[in-house]
Amino acid sequence: MDERLISAAEATLRRAGLLSEKATVLVALSGGADSVALLLTMQKLRQTTGIKVYAAHVEHGLRGEDGLEDAAFCEALCKRLKVPFTCDHARLPGSMDDAGVEAAAREARYTLLLARARECRADALLLAHHQDDQAETVLQHLLRGSGARGVSGMDEITQRDGVTILRPFLSLSKQALVDALDGEAYRTDESNLAPVCQRNRLRLTVMPLLTRENPAAITHIAQSAVLCRLDETYLMQQAEQLLHTALIDKPPFFCLHRVALQSAHPAVALRTLRRFAELGLERCGALTDERSLSAEDSLRLLALVSAPENTVLNLPGALHAMATERYIHLTRMEGDEPLVDRPLHGPVKLNAEATPIAFGDIAFSAMPHNPGGIIPDGKTTVVLTERQLQKAVLRTPLPGDAIRPFGAGGSKLLRRYLTDQKLDPPFRRHLPVVAIGNEVLWAVGVGAAESTRLQREPSILLTLQGTLPWYHSMHQRSTL
């Protein structure tokens with residue numbers, strides 16, 4: 001076995017912390033030259049390091065007898081090498097010529113291989129992707145309009161569904177793997193020689209043209225991917241820090257502080273927003289294997305950072321983005337529902353004898369009010385007479401609710417009041433209010449009613465315990 005293959009595999013395993021007799025790896029074995037070279041390489045390392053090696057094959061059901069013969073070849077090879085072997089049959093409908101079959105086969109393959117990796121408690125799943133595969137991947141991503149993340153190609157070490165995936169041969173050419181076999185038998189998938197999918201067309205037509213233009217084209221494309229990955233890794237670290245600082249992820253609310261994005265470099269803000277959208281898709285169960293927005297959607301999302309208030313944007317996965325004065329919100333497109341379903345809180349009777357008074361993730365304390373003590377601000381504190389407290393409940397807004405704002409001469413509908421106060425629409429449905437019937441005495445974090453003005457009768461001080469994103473937003477605006 002060629003020492004270059006062994007050195008490459010050793011280096012990857014060492015970087016992953018798996019070059020040890022205690023480690024277990026699962027080799028994805030298709031029967032082609034690449035995967036056979038990988039299995040033989042791991043066989044050599046098993047002899048020198050004691051690492052445990054398993055192999056798994058997936059027969060997709062798309063190539064008839066040829067596919068079954070591939071499976072039989074892999075089983076016989078593993079039996080000869082004394083490598084534990086499993087074979088799964090995906091039983092996909094149709095044939096290799098059908099539209100979308102490449103993506104369906106890939107998903108089925110990963111699903112079955114990852115399941116086998118967990119079953120044998122493998123520390124990593126090993127894939128035989130090489131430099132030529134990397135170059136094809138980069139070109140595919142360029143055709144889709146990918147940014148630096150897509151042009152970075154495949155990772156040498158990555159995670160998927162809790163399983164570590166290693167690609168130790170990304171720096172080696174396809175020819176190097178074939179040469180290393182030195183006469184060892186392998187299978188040839190004839191469908192790879194037909195232009196039935198984009199990757200095949202790139203391999204059969206575009207790559208030969210590029211290689212004629214520059215014999216080192218494949219190597220240079222793969223090296224460019226490495227350089228892009230270095231840049232992307234650094235920028236993503238910055239983006240993750242910004243996301244940690246700017247994100248409010250407290251169901252039903254999912255939003256980013258807009259000022260934090262405005263202060264960041266656009267390259268970092270863009271990656272933060274893309275990650276924000278991906279997390280949103282995860283929250284509502286709509287994240288696909290693409291795991292990324294298109295270039296067009298990414299740039300439109302970035303434009304929200306400097307867009308006028310109440311600018312909205314529809315995104316894939318039936319997501320809806322809205323830019324308000326202080327936040328960029330993400331909700332479901334239909335009805336602007338929260339990403340994570342959260343039932344509205346029912347009425348809670350206020351009781352000065354039992355505190356704290358719980359309401360979802362926040363709470364309120366109640367204590368007799370000392371006229372010479374705390375002066376309520378109407379946002380996080382309010383004073384109610386004992387008569388009001390006996391009738392009032394804590395709930396979310398209802399149709400027909402109205403409030404007479406503190407100091408105002410008359411009442412207005414609560415929805416109009418909240419609009420005037422520039423409370424972001426995604427916050428309104430879940431706003432805690434203290435009300436008697438449809439008369440709102442306190443819109444928590446926003447303002448209190450004229451009827452809460454201090455009086456000369458026994459009163460109770462209600463104080464918010466916890467944080468509300470809209471209170472901080474409005475407080476910042478009032479102090480600018």
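Q: Leaving aside its neighbours within four places in sequence, which residues is Leu-210 in contact with?
A: This is a predicted model, so we're reading contacts off a prediction. Leu-210 is found in helix 8. Once the neighbours within four places in sequence are set aside, the residues in contact with Leu-210 are Leu-139, Ala-217 and Ile-221.

Q: Does Leu-210 count as buried, partly exposed or exposed, and what puts it in that class?
A: Buried means under 20% relative accessible area and exposed means over 50%, with partly exposed in between. Leu-210 comes out at 30% relative accessibility. Because of that value, Leu-210 counts as partly exposed.

Q: Why are helix 8 and helix 9 called roughly perpendicular to each other?
A: Helix 8 and helix 9 (residues 217–246) pack with their axes 8 Å apart. Angles of 65 to 115 degrees count as roughly perpendicular. Helix 8 and helix 9 therefore get that label, because the angle between them is about 100 degrees.

Q: How do the residues of the contact of helix 8 with helix 9 divide into nonpolar, polar and charged?
A: On the helix 8 side, the contact is made by Met-207, Leu-210 and Thr-211. Helix 9 brings Ala-217, Ile-218 and Ile-221. Sorted by kind, the residues of this contact are 5 nonpolar, 1 polar and no charged.

Q: Are helix 2 and helix 7 parallel, perpendicular or oblique to each other?
A: Helix 2 (residues 33–49) and helix 7 (residues 174–181) pack at an angle of about 60 degrees, and their axes are 9 Å apart. Roughly parallel would need an angle under 35 degrees, and roughly perpendicular starts at 65. So helix 2 is, relative to helix 7, oblique.

Q: Which residues of helix 7 meet helix 2?
A: Helix 2 passes helix 7 in a left-handed crossing. The residues of this contact divide into 7 nonpolar, no polar and 2 charged. From helix 2 come Ala-33, Asp-34, Val-36, Ala-37 and Leu-40. In helix 7 they meet Lys-174, Leu-177, Val-178 and Leu-181.

Q: At what angle do helix 1 and helix 2 pack?
A: Helix 1 (residues 3–15) and helix 2 have their axes 10 Å apart. The two are roughly perpendicular to each other. The angle itself is about 75 degrees.

Q: Which residues of helix 2 meet helix 1?
A: Helix 1 contributes Leu-5, Ile-6, Ala-9, Glu-10 and Leu-13. The whole contact divides into 7 nonpolar, 1 polar and 2 charged residues. On the helix 2 side, the ones that meet helix 1 are Ala-37, Thr-41, Met-42, Lys-44 and Leu-45.

Q: How many salt bridges does a search of the whole structure find?
A: Side chains of opposite charge can pair when their charged atoms come close. To count here, a side-chain nitrogen of Lys or Arg has to be within 4 Å of a carboxyl oxygen of Asp or Glu. A search of the whole structure gives a total of 28.

Q: How many residues apart are Glu-107 and Arg-160?
A: The side chains of Glu-107 and Arg-160 meet in a salt bridge, at 3.0 Å from N to O. Glu-107 sits in helix 4 (residues 101–119) and Arg-160 in strand 5 (residues 157–160). That pair links distant parts of the chain, and the separation is 53 residues.

Q: Is Arg-160 buried or exposed?
A: The cut-off for buried is under 20% relative accessible area. Arg-160 has a relative accessible area of 13%.

Q: How far apart are the closest N and O atoms of Glu-136 and Arg-203?
A: Glu-136 is buried, with a relative accessible area of 3%. Arg-203 is partly exposed at 27%. The two form a salt bridge, and their closest N and O atoms are apart by 3.1 Å.

Q: Where does Glu-457 lie?
A: The side chains of Glu-457 and Arg-387 meet in a salt bridge. Arg-387 is exposed, with a relative accessible area of 53%, while Glu-457 is partly exposed at 25%. Arg-387 lies in helix 13 (residues 386–391), and Glu-457 lies in the loop between strand 21 (447–448) and strand 22 (459–465).

Terms used
Residues are numbered from 1 along each chain as its sequence is written. This is a predicted model: local features need pLDDT of at least 70, side-chain atom pairs count only at pLDDT 80 or more; totals for chains, interfaces and linings use all residues. Side-chain values use heavy atoms; hydrogens and water are left out. Axes are lines fitted to C-alpha atoms, for helices over the stretch in contact, and angles run from 0 to 180 degrees between N-to-C directions. Helices (H or I, at least four residues) and strands (E, at least two) are DSSP runs, numbered from the N terminus. Angles under 35 degrees count as roughly parallel, over 145 as roughly antiparallel, 65 to 115 as roughly perpendicular and the rest as oblique. A crossing is left-handed if the near helix is turned anticlockwise from the far one by less than a right angle, and right-handed if clockwise. Contact means heavy atoms within 4.5 Å. Ala, Val, Leu, Ile, Met, Phe, Trp, Tyr, Cys and Pro count as nonpolar, Asp, Glu, Lys and Arg as charged, and the others, Gly among them, as polar. Buried means under 20% relative accessible area, exposed over 50%, partly exposed in between (1.4 Å probe, protein chains only).
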